[in-house]
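Please look over the sequence and the model shown here before reading on.

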Amino acid sequence: MLTITTTEALATFCEEARKHPYVTVDTEFLRERTYYSKLCLVQLAMPGTDDSTGCLVDPLVDGLSLEPLYELFKDPNVVKVFHAARQDIEIFQVDAGVVPAPLFDTQVAAMVCGFGEQVGYETLVRKIAKEELDKSSRFTDWSRRPLSDAQKTYALADVTHLRQVYEFLAKKLKDRGRAHWVDEEMQILNNPDTYVTLPENAWKRVKTRNNSPRFLAIVRELARFREDYAQTRNIPRSRVYKDDALVELAATKPKDVNDLGRSRLVQREARRGDIADGILASVKAGVTCSDANLPKVDRKHERLQVNPALADLLRVLLKTKTGQAGVASKLVAPTSELDAIAAGERDVSALQGWRYEVFGEDALKLCNGEIALAAKGNDVILVPV
């Protein structure tokens, strides 16, 4: 099993890989104790039928540069194949500002090809490669050295079997004329902004029942401080304070350390020092925020007059169309978009691109009274009106 520990060896492997149409890629990382993922291992494999065309790259070795790998990632003639690529790509984008392209995500492709919602790699290997994976090393500490033989075998299997999975799915997409469907989905993963969390936008991820602009202004400032603090010190945002504590602070609006000490949910470490100072300053900034700078709450969906009967019909149509097409329903349209369509919204992803082919065109026809749904035996059919 080839384990690469020098820049020269990595350059040699990547140069050979650039002679092939694709390379499979996976990573092992840790994130429990940091804000950013700590890259511990990179697995690569070129086309082939055995382990000899695969390798493990150890980024923790002193002096090893991943620059040859990044040059491979930039090569437009080599498809970079991942499974559930988002977290892997985030590592490379954060570390080096590199997003591999062209990109192929077998999880997305599998959903397009009828393997269900968010299908796992182990399932695809079992169904396509007819192999069983030993996942006992999945949750081991990948930062510890030396790696065990079991860890190495597990890690390499994540890219060697991926070759067969990729070739099977790519052929199926081509045969069905659906390759452009996956290409559309890859545009999101290829966008560097996908992997950037700006502190000023962090509040939008906090779930709260109170949508008053003043309350949200405090949430915004608390989330901004937490995100900036966590990023700067490379610690998990939950180590600063968790979402439930943030919402509690926005509600209680502590003015000093004594007020902060009464919080039920704020951890002891956050009741003093820099975090405590940041909390109090954030609350004050939210409370005193001018009306002109209060968060603009998008109440568009609150004003939507959803026709529940039409929304139910759209759900039936979605299940029927995706069943016929062999595509995961959630990939085509989440429930929120079905409600939006039933309320008259048209600027939704379910009515655009390849989703329009599968579902959107008939969804609009149903809304416009041009078709109806009818039962025929065990099937639901579309009937022109």
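## The largest pocket

The lining of the largest pocket draws at least two residues from each of β2 (22-30), α3, α5 (121-129) and α6 (149-176), where helices (H or I, at least four residues) and strands (E, at least two) are DSSP runs numbered from the N terminus. Among the contributors, β2 gives the most, with six residues. A pocket is defined on a 1 Å grid over the protein atoms alone as an open set of points with protein on both sides within 12 Å along at least five of seven lines, whereas a cavity is a set of points where a 1.4 Å probe fits but cannot get out, and lining residues have an atom within 4 Å of a point.

This is a predicted model, in which local features need pLDDT of at least 70 and side-chain atom pairs count only at pLDDT 80 or more, while totals for chains, interfaces and linings use all residues. Residues are numbered from 1 along each chain as its sequence is written, and side-chain values use heavy atoms, with hydrogens and water left out.

The space in the largest pocket comes to about 720 Å³, a volume being the space filled by probe spheres set on the grid points, which are joined across faces, edges and corners. Its lining has 27 residues, of which T27, E28, F29, R138 and Y154 are the closest to the centre. Sorted by class, the lining holds ten nonpolar, six polar and eleven charged residues; here Ala, Val, Leu, Ile, Met, Phe, Trp, Tyr, Cys and Pro count as nonpolar, Asp, Glu, Lys and Arg as charged, and the others, Gly among them, as polar.

## The cavity

How many cavities of 30 Å³ or more are counted? The count comes to one, and the largest cavity has a volume of about 40 Å³. It is lined by Y36, S37, E90, I91, V94 and D95, a set that divides into three nonpolar, one polar and two charged residues.

## Two helix pairs

Helix α2 (residues 67-74) packs with helix α3 (residues 86-96) at an angle of about 115 degrees, and their axes are 12 Å apart. Axes are lines fitted to C-alpha atoms, for helices over the stretch in contact, and angles run from 0 to 180 degrees between N-to-C directions. On the α2 side the contact (heavy atoms within 4.5 Å) involves L69, Y70 and F73, and on the α3 side F92, D95 and A96. Five of these residues are nonpolar, none is polar and one is charged.

Helix α14 (residues 308-325) and helix α17 (residues 353-367) pack at about 150 degrees, with axes 10 Å apart. From α14, the contact takes in L310, L313, L314, L317, L318, K321, T322 and A325, and from α17 it takes in V358, F359, D362, A363, L366 and C367. By class, this contact has eleven nonpolar, one polar and two charged residues.

## Backbone details

The bond from A101 to P102 is cis, with omega near -5 degrees, and P102 lies in the loop between α3 and β6 (103-105). Another cis peptide bond joins R145 and P146, with omega about 5 degrees, and P146 is placed in the loop between α5 and α6.

A84 is not a glycine, yet its phi is positive, at about 55 degrees; A84 lies in the loop between β5 (79-82) and α3.

## Domains

The protein chain is assigned domain 1 (2-195), domain 2 (199-293) and domain 3 (301-384), with bounds that come from an automatic or database domain assignment. The centres of domain 2 and domain 3, taken over C-alpha atoms, are separated by 40 Å.
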